[in-house]
Amino acid sequence: MKYVDAGYVICLSVLFVYSVSLWWRRRRLARAVATSDVSSERGRDREREG
Amino acid sequence: MRTIVLRSVGVAAIVATAATVWLGLWVTPPDQVQGTLVRLLYLHPPIAWVALYLAFGLSALASLLYLWRRTRSLFWDRLAAASVEVGVVFNALTLVSGSLWGRPTWGVWWTWTARLTSTALLLVLFVGYLALRRVPADPEVRAKRCAVAALVAFVDVPIVHFSVDWWQTLHQKASVLNATLSPTIHGSMAWTLLLGFVALTLVFVWMVTVRYDVEVMRDRIGNQELEVSLAERRAEGSTGAVNTPESSSDGIASGEAGSAEPPVGGPGHSTPVRLAAPEPTGGGR
């Protein structure tokens, strides 16, 4: 039974950790995109003024 | 709408996986031959199904569609990349769960038989694909390279599938996707296994969708950073041209920024050259 338990624990843990890491990466990048949108907008304004 | 569908898929994946675990560990009876070890088989074949057929199959299909001129789009490249990364995780889990089943059944953690070796080779090939994606290059060049690499790596998938028929191996022959397509399991075991396939397919769909979003946002940020740095460079160039038109000799900060020659890069630097092409001066923008 210990092999069965180990198999379930390892597989489900890896899938869980990978899912959380994907969700976290997407959230972080979504924030970065929002920040980047603002800064590139400012850059364009500066360029127009220049 | 897309968010709602994705959330629904995520919830369905969690519920189906939990049901598979519950049925697999507590409801289904032990096997006459394998005893409780059969419980590992409610996870191992569905994981292998996702890795080999769904993830690597989808990446090969997407790569093919990228290489075909009529359907060429970075969508397919990103989809292939997302699918390969998820597939690599599932492929590694296939090897681990198989090894945990093999140790008490065969007496060894690992043996160099055809099925195991070709599956390990598949993992190495697709890890190579992920490494290739990290090599700096123009997005289209990278996409083309990776599409070819995915198709080359996919050649190993039918070898993995038919390895138990072509060679003598410790691994048993196919129980579900066999030649006659008549599964050799029945009762609660068959339903639990089927639920395992559904559950991990849902997990795969959720993961690939989220990973695809990550790829899109990463590209978008890369493009925006490039735009910002180019805007800064142009601003520097125009300031330099107004203040010291003859004093500077480097191509970026002086009058060369407005000349017909690209200021930086060369044939091997396609993106900077293309994007740093001279802008019309004056109030045209």
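Predicted model: local features only at pLDDT ≥ 70, side-chain atom pairs only at ≥ 80, totals over all residues.
On the H3(B) side I listed Leu74(B), Asp77(B), Ala80(B), Ala81(B) and Val84(B). On the H5(B) side they meet Pro139(B), Ala143(B), Cys146(B), Ala147(B) and Ala150(B). By class I noted nine nonpolar residues, no polar ones and one charged.

I then looked up the geometry of this pair. Helix H3 of chain B spans residues 74–106 and helix H5 of chain B spans residues 139–154. Their axes come within 10 Å and cross at roughly 50 degrees. H3(B) and H5(B) are therefore oblique to each other. I recorded the crossing as left-handed.

Next I turned to H2(B), residues 44–67, and its packing on H5(B). The axes are 9 Å apart and the angle is about 135 degrees.

The class count here is 10 nonpolar, two polar and no charged residues.

Last, I checked chain B as a whole. I counted eight helices and zero strands, in the sequence pattern α-α-α-α-α-α-α-α. Of the 285 residues in chain B, 32% are buried. Among contacts between residues at least 6 apart in sequence, I noted that 69% join residues at least 24 apart.

Conventions:
Residues numbered from 1 in each chain as written. Chains lettered and ligands numbered in written order. Helix = DSSP H or I, 4+ residues; strand = E, 2+ residues; numbered from the N terminus. Buried ≥ 20, exposed ≤ 12 C-beta atoms within 10 Å, placed from the backbone. Contact = placed C-beta atoms within 7 Å. Axes fitted to C-alpha atoms, helices over the stretch in contact; angles between N-to-C directions. Parallel < 35°, antiparallel > 145°, perpendicular 65-115°, else oblique. Left-handed = near helix turned anticlockwise from the far one by under 90°. Nonpolar A, V, L, I, M, F, W, Y, C, P; charged D, E, K, R; others polar.
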